[in-house]
Amino acid sequence: MDIKDIQNLIKFVSKAEVSEVKYKTKDFEITIKTPLAGSEVAYAQPAVYHTAPQQMAAAPAPAATPAVPAQSTEAASDDSKYVTIKSPMIGTFYRKPSPDKDVFVNVGDEVSNGKVVCVIEAMKLFNQIESEVSGKIVKILVDDATPVEYDQPLFLVDPS
């Protein structure tokens, strides 16, 4: 089973709305667990703890900038025309194939369907993430060598 098969299995499991799937062959075994409506509450508490420091750091900004809401709504409407490349798995995001190599893509680079845009390391396996859209990279949303979650936005692409 290669990485594409695993990614497709993860997508299938998330759409099927089941809590757990085990797949086992003679040489390979994988277990995929997903939160269901009843168990999402257990995942909400760590998210609250995780976002609390960010809210404290960002607290002075709203008081100092009352005119920002008009700009942020414009930015939100601008972002809606872009296509988001999301993480298909949990792991560590890397912009380079190895420390001594160049980055896969920069802001302003053209990407095509199937072009590798980054790697995500999960359990010592480096998984190449390919673009599912053709266009120009507008924004890189994740810093290099940082953890990412499943379905977390990584890149914004202008498909025009």
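**Figure 1. Glu121 in strand S6.** Glu121 sits in strand S6, residues 116-122 (strands are DSSP runs of E, at least two residues, numbered from the N terminus). The model is predicted, with local features needing pLDDT of at least 70 and side-chain atom pairs counting only at pLDDT 80 or more, while totals for chains, interfaces and linings use all residues. Residues are numbered from 1 along each chain as its sequence is written, and side-chain values use heavy atoms, with hydrogens and water left out.

Figure 2. Glu121 is buried but has no salt bridge. Buried means under 20% relative accessible area and exposed over 50%, with a 1.4 Å probe and protein chains only; a salt bridge is a side-chain nitrogen of Lys or Arg within 4 Å of a carboxyl oxygen of Asp or Glu. The nearest side chain of opposite charge, Lys124, is 4.9 Å away. A polar atom of the Glu121 side chain lies 2.8 Å from the backbone nitrogen of Lys124. Beyond its neighbours within four places in sequence, Glu121 is in contact (heavy atoms within 4.5 Å) with Gly91, Thr92, Tyr94 and Phe126.

Figure 3. In H1 (helices are DSSP runs of H or I, at least four residues), the buried residues are Ile6, Gln7, Leu9, Ile10 and Val13. They cover an arc of only 160° around the axis, which puts them on the same side of H1; the arc is that of the directions from the helix axis to the C-beta atoms. These residues pack against strands S1 (20-24), S2 (29-33) and S7 (125-130). The face turned away from the buried side carries the exposed residues Phe12 and Lys15.

**Figure 4. The end of helix H1.** Just after H1, Glu17 takes a positive phi of about 55°.

Notes. Lys, Arg positive; Asp, Glu negative; His and termini not counted. Polar contact = N/O pair within 3.5 Å; in protein donor to acceptor, adjacent residues only side chain to side chain.
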